[in-house]
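Please open the structure in a viewer and keep the selection tool at hand.

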Amino acid sequence: MSISRLPATAQATKSRPGQVVSSTFSPAWWLRSPHLQTLWPAVLRRGPGLAMHRERLELADGDFLDLDWTSRADGPIVVLLSGLEGSSRSHYMSGLLDALDRAGWRAVVMNFRGCSGSLNRLSRTYHSGDTGDLNTVIDLLKARAPSAPLAVVGFSLGGNVVLKWLGERGLESPIAAAVAVSVPMRLELCAARLERGFSRLYQWWLLSDLHRKMRAKFSDLAPPIDLSALASWRTFYTFDENVTAPLHGFSGAEEYYRCASSRPFLKHIRRPTLIVHALDDPFMPKEVLPEASELSPSVLLELSEHGGHVGFVEAGRRGRARYWLDDRIPDFLGEHLSS
């Protein structure tokens with residue numbers, strides 16, 4: 001893939017959508033490894049811990065979503081979506097929530113079904129291509145505050161949901177701008193990548209959470225699928241083949257991956273959208289990335305050589321870690337929310 005190189009002094013926020021460009025991100029010298037970039041913030045980051053209040057949104061199908069809000073009462077609204085099994089408590093959320101609050105914007109985390117600390121009511125949960133709940137939340141917020149500019153930010157799985165939703169809505173999307181970070185735009189390639197090398201640690205970690213949730217969820221509720229072999233499903237493919245797909249109406253993992261991947265939807269996006277991606281992301285191979293010809297004129301794909309998966313840790317003052325996304329995301333959104 002050809003990447004337009006930015007001068008060292010250029011501001012990434014001055015780049016125009018519809019391009020593939022090189023990011024201004026530079027990793028901390030002690031965190032050049034993709035695994036250190038990925039694990040450092042997940043293990044060691046301590047955020048400011050903004051006070052938040054929860055709103056429980058009842059859904060038409062009898063289930064619910066928990067929305068976690070920052071304290072501002074007015075201003076533009078930014079909706080945040082986490083990665084797989086993430087929530088408003090995820091390490092990448094706290095600093096960004098603080099940055100959005102300092103910018104004068106309201107922020108709300110849409111916790112996926114069953115990810116807020118409370119198991120959801122229905123047998124189904126959420127998945128990488130499920131855009132229905134995001135659609136419900138965005139339309140509700142627009143109806144409540146029709147004059148407030150809206151933006152949406154998604155990380156990893158949440159970023160895939162955001163990009164697919166943007167492509168589905170096209171010109172009907174009521175938002176001003178969007179950002180998606182470390183997105184598995186071709187799910188089948190990511191599932192295969194996580195079966196190799198050190199990346200198997202991330203697969204084990206995430207699947208352990210999913211296995212615990214399945215056991216807790218169906219301890220009292222009769223499962224609609226056979227979970228007797230759950231412990232043997234130790235790859236994402238086998239878990240998606242036997243759990244994700246049948247719970248959500250797909251014939252199997254291959255159909256799920258084909259229908260839920262966001263890459264085919266990129267050409268239909270009609271709102272200013274920034275995609276941030278590191279070429280060394282240990283969750284996915286470079287082949288997940290689209291060619292420039294697959295991007296609509298509204299999309300800016302910003303690539304860096306380093307950064308890991310939702311890492312992007314720079315060197316700050318006195319050798320402290322600095323989290324680049326907390327600046328880059330508000331910078332991009334500010335171009336569109338302030339106009």
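The stops below visit helices, aromatic rings, pockets, a cavity and some backbone angles.

**Before starting**

This is a predicted model, in which local features need pLDDT of at least 70 and side-chain atom pairs count only at pLDDT 80 or more, while totals for chains, interfaces and linings use all residues. Residues are numbered from 1 along each chain as its sequence is written, and side-chain values use heavy atoms, with hydrogens and water left out. Helices (H or I, at least four residues) and strands (E, at least two) are DSSP runs, numbered from the N terminus.

**Stop 1: helix 4**

Select residues 157–169, which form helix 4. The expected span of a helix is 1.5 Å times one less than its number of residues. For the 13 residues of helix 4 this gives 18 Å, and the end C-alpha atoms are 18 Å apart, which agrees.

How many of the residues of helix 4 are buried? The count is 12 of 13, so that the helix is mostly covered, where buried means under 20% relative accessible area, exposed over 50% and partly exposed in between (1.4 Å probe, protein chains only). Among the buried residues are Lys-164, Trp-165 and Arg-169. Next, display the surroundings: the buried residues pack against strand 4 (77–81), helix 3 (132–144), strand 6 (150–155), strand 7 (177–181), helix 8 (253–260) and strand 8 (273–278), contact meaning heavy atoms within 4.5 Å. Then move to Gly-170, which follows helix 4 and has a positive phi, near 55°.

**Stop 2: helix 7**

Select helix 7 (236–247). Its buried residues include Phe-236, Phe-239, Val-243 and Leu-247. The buried residues of this helix pack against helix 5, helix 6 and helix 8. Just after helix 7, Gly-249 takes a positive phi of about 85°.

**Stop 3: aromatic pairs**

Rings of Phe, Tyr and Trp (its six-membered ring) pair if their centres lie within 6.5 Å; planes under 30 degrees apart count as stacked, over 60 as edge-to-face and the rest as tilted. By this rule there are 12 aromatic pairs. Select Trp-30 and Trp-40, an edge-to-face pair at 6.3 Å centre to centre with 65° between the planes. Trp-30 lies in the loop between strand 1 (19–22) and helix 1 (34–44), whereas Trp-40 is in helix 1, 10 residues apart. Trp-30 is partly exposed at 21% relative accessible area, and Trp-40 is partly exposed at 26%.

Proceed to Tyr-256 and Tyr-257, whose ring centres are 5.4 Å apart with planes at 40°, so the pair is tilted. Tyr-256 is buried at 4% relative accessibility, and Tyr-257 is buried with a relative accessible area of 4%.

**Stop 4: pockets and a cavity**

On a 1 Å grid over the protein atoms alone, a cavity is a set of points where a 1.4 Å probe fits but cannot get out, and a pocket is an open set with protein on both sides within 12 Å along at least five of seven lines; lining residues have an atom within 4 Å of a point. Grid points are joined across faces, edges and corners, and a volume is the space filled by probe spheres set on the points.

Select Gly-83, Leu-84, Glu-85, Leu-206 and Phe-283, which lie nearest the centre of the largest pocket among its 40 lining residues. The volume of the largest pocket is about 830 Å³.

For the second largest pocket, with about 210 Å³ of space, select lining residues including Arg-89, Asp-209, Arg-212 and Lys-213.

The search of the whole structure finds 1 cavity of 30 Å³ or more, and the largest cavity has a volume of about 80 Å³. Its lining includes Pro-41, His-91, Phe-155 and Ile-329. Helix 2 (91–102) and helix 9 (325–337) each supply at least two lining residues.

**Stop 5**

Most residues other than glycine have a negative phi. Select Glu-85, in the loop between strand 4 and helix 2; its phi is positive, about 65°. Finish at Phe-312, with a positive phi near 55°, in the loop between strand 9 (299–304) and strand 10 (313–315). Is Phe-312 buried or exposed? At 1% relative accessibility, Phe-312 counts as buried.
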